[in-house]
Amino acid sequence: DNGSSWISRSSGTTDNLSEVTFGNNTFIAVGDNGTIRTSADNGTTWDNRTSGTTNKIYGVTFGKNIFIAVGENGTIRTSADNGTTWDNRTSGTTVNLRGVGF
C-alpha cells in the first residue's frame, strides 16, 4: 500500500543494524559485530549469514549481481549468491568505510 501501513518483523538478532538494501529479490541487513541477515520473503523471516568478521558493517549495496558490504577497519565483503556466503576483499586501508553505492 505504498508505505501507508507497516507490519512489525523480527530480524532475529539483538545487534544494532546499520543499513538494509534490496537486490535480486533479496533484502540484506548489516550491522554490529559483522552481522549480516538476509530475507528472500519480503522481510517476513531473516536468516543469519556468516560475514567472516566481527567488525561493524556500516553499509551495503547491490549492483551487477553482487552485494557489497563495508565497515570498520577497511572491511569489505562481497557476495555473488544473494548473501548466502561472503568473500573478504582487501581495501588497502584501515579507516572505517561508512558507505558504499552503486
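Here is a short chat about a few strands and residues in this structure. This is a predicted model, where local features need pLDDT of at least 70, side-chain atom pairs count only at pLDDT 80 or more, and totals for chains, interfaces and linings use all residues. Residues are numbered from 1 along each chain as its sequence is written, and side-chain values use heavy atoms, with hydrogens and water left out.

Student: Which residue in strand 6 is the bridge partner of Ile57?

Tutor: Two strands pair if DSSP finds at least two bridges between them. Strand 5 and strand 6 (residues 66-71) run antiparallel, joined by 6 bridges. Within strand 6, Ile57 has as its bridge partner Gly71.

Student: What is the phi of Asn65, in the loop between strand 5 and strand 6?

Tutor: Most residues other than glycine have a negative phi. Asn65 isn't a glycine, yet its phi is positive, at about 65°.

Student: Is Ser79 buried or exposed?

Tutor: Ser79 sits in strand 7 (residues 76-79). Its relative accessible area is 1%, so Ser79 is buried.

Conventions:
Helices (H or I, at least four residues) and strands (E, at least two) are DSSP runs, numbered from the N terminus. Buried means under 20% relative accessible area, exposed over 50%, partly exposed in between (1.4 Å probe, protein chains only).
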